[in-house]
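Reader: I'm new to this one. Can you show me the model, then take my questions?

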Amino acid sequence: MGGGGERSASGLRVAARPFVASGSTGVAVRDRLKDLTGGDEEVLRLVGAHLGGLASRDLAVRCADGLEHSAESWAGRKRALTGVSSSRWAGAVTKASHDQWALGRRCQAAHIRGLEAGIGMLRHRLSLPVGARGSKKAPGGYRSRREWHAKSRRLAALEARHTAVVSDWRAGRVRVVRGGKGLLNTRHHLADAQLTESQWRERWEAERWFLSADGESGKRYGNETVRVSPDGQVSIKLPVPLAGLANAPHGRYVLAAKVRFAHRGTEWADRVEANRAVAYRIHHDTRRGRWYLTASWQIPPAPTVPLGAVLAHGVIGVDTNADHLAAWRLDVHGNPLGGPRRFFYDLSGNAPHRDAQVRHALSRLLNWAKSCGVTAIAVEDLDFQAEKSREKHGRKRRFRQLISGMPTGKLRARLTSMADQTGIAIIAVDPAYTSKWGAQHWQKPLTSKARKTTRHDAAAVAIGRRAQGHPVRRRTAPPHDDQSDRRGHRTVQAPSEALGREGTRPRIPGPRTRCVPPGRGANAGDQNAQNRSGRSAEHGAWQQDSLPLSL
């Protein structure tokens with residue numbers, strides 16, 4: 001894909017240099033709360049509903065403050081919540097409100113950039129004559145006067161929407177829905193969602209509960225509000241109005257269920273035994289009727305390894321597609337080894353299913369990399385935010401759905417997080433022209449009777465070579481044309497059964513026609529022995545005597 005940026009003399013975008021992606025800075029593990037009694041579930045519901053109501057009111061106050069927010073107002077909100085919960089619950093609620101407002105501001109800024117991109121594209125296409133042809137870099141004019149008029153009305157609508165959003169941005173107004181705007185709109189389409197009103201209400205209330213506690217270093221087991229002991233016992237500090245439900249000293253409620261983290265359980269146990277900060281979140285899945293506890297903590301970022309060090313054992317180039325990952329292993333010289341590998345996933349269904357499919361494909365990719373002894377995986381640094389615009393690809397609906405469905409954003413972040421514990425580095429590569437040049441230079445040479453190489457497989461080779469600093473093309477360009485060499489001998493490929501076909505050409509003396517040097521052949525002085533037009537070799541009926549040197 002090609003985008004903006006610096007361009008060469010030929011008009012092609014100059015590819016950015018590859019870099020090693022930074023590792024993750026946090027860890028989150030989850031386990032199910034099994035064997036909960038009816039009383040345990042009722043206490044969790046009451047605590048979640050009470051704190052959820054406080055969180056909703058505090059978020060409304062935070063949004064009303066807008067840009068006038070200050071440390072004094074934050075302290076005032078926390079004091080108001082402390083009397084009806086606790087000091088630590090109040091701190092967690094106010095921090096969550098502040099983070100949610102900041103996230104809304106970032107989303108608002110992204111929305112403004114999207115509107116500006118759409119307005120710019122509409123203005124460009126409306127300025128062109130009707131029926132004007134486009135190019136690969138920019139679309140042309142609209143096909144008819146009717147479409148031109150409809151797009152002019154859409155331009156006016158986008159401009160009005162842009163003006164309103166910019167006004168909100170400057171005033172600091174952020175509109176946030178606790179529980180999610182998507183779930184809120186589902187209330188008006190219960191039949192399409194195959195939900196009853198009671199089922200939707202149960203899900204809506206569960207999403208608006210608040211059962212999250214921030215960790216605190218130096219405190220017992222790293223958390224005073226939701227405490228999990230090393231043997232898995234879970235206890236909760238009850239808010240003041242619900243203190244009568246406590247079944248343990250100091251206003252705490254101990255759950256009958258115990259947790260055991262299968263993933264990174266040893267690391268979690270080391271943290272809680274050392275009283276290091278661990279944050280917890282309790283969540284109720286209404287579809288399955290299950291309760292889950294998620295533990296999260298920060299980890300120091302791993303030191304970045306130099307690019308040359310991670311490429312010492314070769315690299316695996318990965319091309320991201322809508323339904324699979326195309327991968328190919330390359331040696332240190334940029335030559336493909338073995339055959340291509342494809343890791344398929346299905347991105348249909350709900351979000352948990354899609355996430356599980358991506359994680360499964362990445363797990364197989366990492367396992368293959370470890371079995372090969374490769375310590376680097378090269379992926380494209382993709383960003384389709386500017387490419388999936390409705391205004392740029394209005395009639396190409398399937399194309400917009402294709403690029404919108406590719407898990408480009410989550411894939412690299414999840415791959416980096418999963419590879420952090422395996423010792424495999426992730427190299428981000430500029431995606432400019434990788435698919436086009438990969439198919440041009442590698443698809444046909446890598447195709448044989450026993451192996452069919454796709455365009456995506458060839459792109460994986462191009463990605464890997466770019467990560468190593470090699471050019472995508474297989475060999476250097478031939479010299480300029482002259483009378484005996486017509487540009488092409490350096491790119492002619494030897495057959496697969498030829499020995500030494502990957503070696504360099506032998507150095508043969510003589511002119512570039514690779515014939516015997518002049519003056520050294522057996523018939524060098526006999527022009528008749530050479531089959532040349534106009535010589536006596538073609539006309540043997542007569543022979544001209546040599547001219548005398550003097551008369």
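Reader: Which residues of H4 are buried?
Author: The buried residues of H4 are Glu-147, Lys-151, Ser-152, Leu-155, Leu-158, His-162, Val-165, Val-166 and Asp-168. Buried means under 20% relative accessible area (1.4 Å probe, protein chains only). This is a predicted model, where local features need pLDDT of at least 70, side-chain atom pairs count only at pLDDT 80 or more, and totals for chains, interfaces and linings use all residues. Residues are numbered from 1 along each chain as its sequence is written, and side-chain values use heavy atoms, with hydrogens and water left out.

Reader: What do those buried residues pack against?
Author: They pack against H3. Contact means heavy atoms within 4.5 Å. Helices are DSSP runs (H or I, at least four residues), numbered from the N terminus.

Reader: At what angle do H3 and H4 pack?
Author: Helix H3 (residues 87-127) and helix H4 (residues 145-171) pack at about 150 degrees, their axes 9 Å apart. Therefore H3 is roughly antiparallel to H4 (angles over 145 degrees count as that). Axes are lines fitted to C-alpha atoms over the stretch in contact, and angles run from 0 to 180 degrees between N-to-C directions.

Reader: What comes just after H4?
Author: Gly-172, with a positive phi of about 80 degrees.

Reader: New topic. How do H13 and H14 pack?
Author: Helix H13 (residues 434-443) and helix H14 (residues 455-468) pack at about 100 degrees, with axes 7 Å apart. So H13 is roughly perpendicular to H14 (65 to 115 degrees).

Reader: Which residues of H13 make the contact?
Author: Among them are Trp-437, Gly-438 and Trp-442. On H14, the contact includes Arg-455 and Ile-463.

Conventions. Helices (H or I, at least four residues) and strands (E, at least two) are DSSP runs, numbered from the N terminus. Angles under 35 degrees count as roughly parallel, over 145 as roughly antiparallel, 65 to 115 as roughly perpendicular and the rest as oblique. Buried means under 20% relative accessible area, exposed over 50%, partly exposed in between (1.4 Å probe, protein chains only).
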